[in-house]
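My entries follow in the order I made them.

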Amino acid sequence: MFQKILIANRGEIALRIIRAAREMGIETVAVHSTADTDAMHVRMADESVCIGPPQSSESYLSAAGIMSACEITGAEAIHPGYGFLSENVLFARVVEDHDIVFIGPSAEHIQTMGDKATAKDTMRRLGIPCVPGSNGIVDTLDEAKQLAEELEYPVIIKATAGGGGRGMNVAINPNEIEHAFQTARAEARVAFGNEAVYIEKYLEEPRHIEIQIFGDGRGKAVHLGERDCSLQRRHQKVFEEAPGPVISAEERTYIGHVCAEAVAEMNYSGAGTIEFLYENGKFYFIEMNTRLQVEHPITEAIFGVDLVREQIRVAAHLPMSFSQDSLELRGHAIEVRINAEKLPRFDPCPGRITQYHAPGGLGVRMDSALYDGYSIPSYYDSLIGKLIVHGRDRSEALARLSRALSELIVDGIDTTIPLFHALLEEVDIQSGDYNIHWLENWIQRNLTLKEEM
């Protein structure tokens, strides 16, 4: 087992990794920018190294700075968390080349799944059901037009190197295909330095279902059920629950088995998530995330496992501590993402926390790096916490979420806490009757009403 690991991240996920490592008797090294000198992950780690100025490009995205911190501290492994360099194939290769252990999948798997067109081809070959679409990159407008006619409108054009909703455009009819194609390419070129795009059939009212998988890197893999992440704003998840409200036990067994078999054949190592659109009882692969997900705590809650601890174990070449037969789903869990944003337009709202109180009680978990007096920097993502609740069933989880939200205090800044109070009043949320467009439509209706008042 490792004696010391470095955490190449910040905020709540860095704290999450520190806690798991401490329980395993492993020392931790926190890296930080000058803007994060007083951050909680810096305070909690055994050692800390400043690796650059506030800008991510010069600190948390600096492979050279992170590798230097490893050399200075003698860290044997790096946990990248999520975001930043967690799915950067060049960084993973640099780590491997320096005989440091990357706590995650191989650089080869990151590369394969990082290009969405290649990932789709790979998954189709491994038996994963995919959305009908182009076989690889679409180079010309004429090709795009022909494929759109074959697939039948509406279609969606996506950047192969995309993420976060960028480089994605929908064409409802032939009059829109040229604009969608050119816009997607332009957005992809600016955002990712790669204008390559592909085309898929556009599903009009799907849910977003993701399957948590875990592999040992030696041909064994398991699945840990699904999460429903359909409540999204600008393609960013806001409210997640596990298991999915509309997924049957038979469907869960089927799609989970297919995913576990696929990653076992790949010799995949560590945590990963295979994401699907789900409509009319069918699953359609959209992408695979080769890292720990923001919403991993709800899976931990319903299966009673520590996914970060398991990542570290497998990276150290220890066997997985659970098998498929030993994984038993218990109850229902929900996570809401708390952001430092001013409603109703979700404008970023960094600033000083004058008072912070985390909710508690049975089945409540708050993952956050906040504390009284902490000043939230303006340089990073606005996520400041994740509230996770677990109940015997969905009704109890919803009731527990409502109670926990009423206890949560974050003063000094605006947050998205009121959004979740409002959502819990909606009949569709109470019944689980929503899709990936529901939240955007709800926000737009409520924003319009506010502007008319």
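**Whole chain.** I began with burial: 58% of the 453 residues in the protein chain are buried, meaning under 20% relative accessible area with a 1.4 Å probe and protein chains only, while exposed is over 50% and partly exposed lies in between. The model is predicted, so I noted that local features need pLDDT of at least 70, that side-chain atom pairs count only at pLDDT 80 or more, and that totals for chains, interfaces and linings use all residues. Residues are numbered from 1 along each chain as its sequence is written, and side-chain values use heavy atoms, with hydrogens and water left out.

I counted 15 helices and 22 strands in the protein chain; these are DSSP runs numbered from the N terminus, with helices (H or I) of at least four residues and strands (E) of at least two. The radius of gyration is 22 Å, close to the 22 Å of the globule rule for 453 residues, so the chain is as compact as a globular protein of that length. That radius is taken over C-alpha atoms, and the rule is 2.2 Å times the number of residues to the power 0.38. Along its principal axes the C-alpha trace spans about 60 × 55 × 45 Å.

**Cores.** Of its 42 residues, Phe239, Leu401, Val410 and Phe420 touch the most other members. Elements giving two or more residues to this core include strand 11 (236-242), helix 12 (394-407) and helix 13 (417-423). Helix 12 supplies the largest share, 5 residues. I also found a second, separate core of 39 residues, which includes Phe2, Leu292, Ala316 and Phe322.

**Serine 86.** Is serine 86 buried or exposed? At 3% relative accessibility, serine 86 counts as buried. I placed serine 86 in the loop between strand 4 (77-79) and helix 4. Its side chain reaches the backbone oxygen of glycine 83 at 2.9 Å. Leaving aside neighbours within four places in sequence, serine 86 is in contact (heavy atoms within 4.5 Å) with residues including Phe102, Ile110 and Arg291.

Technical notes
A nonpolar core is a set of buried Ala, Val, Leu, Ile, Met, Phe, Trp, Tyr and Cys residues joined through side-chain atoms within 4.5 Å. A polar contact is a pair of N or O atoms within 3.5 Å; within protein, one must be able to donate a hydrogen and the other to accept it, and residues adjacent in sequence count only if both atoms are side-chain atoms.
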